[in-house]
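This briefing is meant for a reader who is meeting the structure for the first time. Please keep the sequence and the model at hand while going through the points below.

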Amino acid sequence: MRLHVADHPLIAHKLTVLRDERTESPTFRMLVDELVTLLAYEATRDVRVEAVQITTPVARATGTHLAAPRPIVVPILRAGLGMLAGMTRLLPTAEVGFLGLQRDEETLEAITYANRLPD
């Protein structure tokens with residue numbers, strides 16, 4: 001499994017405030033939204049793209065489009081739902097799926113109780 005550590009100072013700061021038990025609910029929701037934007041930026045760093053030709057007001061140019069198939073955004077129910085709007089704001093054409101996971105308290109393994117992924 002590939003791992004990317006998003007060690008940006010803004011991410012660390014916002015996570016600290018988010019984790020603080022004194023943080024009020026409106027601030028918590030705002031920070032989740034801001035963090036998702038920063039994390040989505042990092043998570044899409046290696047998204048597949050393709051070159052396309054466009055016409056600008058000045059001349060023809062080569063631009064970049066996201067390659068097919070479209071990215072899929074999959075929040076883990078329930079906590080991940082708070083991140084969905086931020087992800088789809090940056091990836092409006094992404095398909096959306098849902099996974100429901102719970103922990104087996106004896107084995108500490110994740111158990112899937114809902115799987116609604118796009119085809």
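How much space lies in the second largest pocket? The second largest pocket holds about 210 Å³ of space, a value that, like the others here, is computed from a predicted model. The largest pocket, for its part, has a volume of about 300 Å³.

**Annotated domain**
- The UniProt record, an unreviewed entry, places the feature "domain: Phosphoribosyltransferase" at residues 5–119.

**The largest pocket**
- Of the 15 residues that line the largest pocket, Leu39, Ala40, Ala43, Met83 and Met87 are the closest to its centre.
- Helix H2 (25–43) and helix H3 (81–90) each supply at least two residues of this lining, and H2 gives the most to it, with five residues.
- By residue type, the lining of the largest pocket divides into 12 nonpolar residues, two polar and one charged.

**The second largest pocket**
- The residues lining the second largest pocket include Leu15 and Leu18, together with Phe28, Arg29, Val32, Leu35, Val36 and Leu39, and also Ala79, Gly80, Gly82 and Met83.
- Helix H1 (9–19), H2 and H3 each contribute at least two residues to the lining of the second largest pocket, to which H2 gives the most, with six residues.
- The lining of the second largest pocket divides into nine nonpolar residues, two polar and one charged.

**How H2 and H3 cross**
- The axes of H2 and H3 come within 8 Å and cross at roughly 45 degrees.
- The crossing in which H2 passes H3 is right-handed.

**Backbone details in the loops**
- The peptide bond from Ala68 to Pro69 is cis, with omega near -5 degrees, and Pro69 lies in the loop between strand S2 (60–66) and strand S3 (72–73).
- Leu77 and Arg78 are likewise joined by a cis peptide bond, with omega about -5 degrees, and Arg78 is found in the loop between strand S4 (76–77) and H3.
- Leu108, although it is not a glycine, has a positive phi of about 65 degrees, and Leu108 has its place in the loop between strand S6 (98–103) and strand S7 (110–116).

Note on methods:
Residues are numbered from 1 along each chain as its sequence is written. This is a predicted model: local features need pLDDT of at least 70, side-chain atom pairs count only at pLDDT 80 or more; totals for chains, interfaces and linings use all residues. Side-chain values use heavy atoms; hydrogens and water are left out. UniProt positions are given in the numbering used here, feature names are shortened, and annotations may be inferred rather than shown by experiment. On a 1 Å grid over the protein atoms alone, a cavity is a set of points where a 1.4 Å probe fits but cannot get out, and a pocket is an open set with protein on both sides within 12 Å along at least five of seven lines; lining residues have an atom within 4 Å of a point. Grid points are joined across faces, edges and corners, and a volume is the space filled by probe spheres set on the points. Helices (H or I, at least four residues) and strands (E, at least two) are DSSP runs, numbered from the N terminus. Ala, Val, Leu, Ile, Met, Phe, Trp, Tyr, Cys and Pro count as nonpolar, Asp, Glu, Lys and Arg as charged, and the others, Gly among them, as polar. Axes are lines fitted to C-alpha atoms, for helices over the stretch in contact, and angles run from 0 to 180 degrees between N-to-C directions. A crossing is left-handed if the near helix is turned anticlockwise from the far one by less than a right angle, and right-handed if clockwise.
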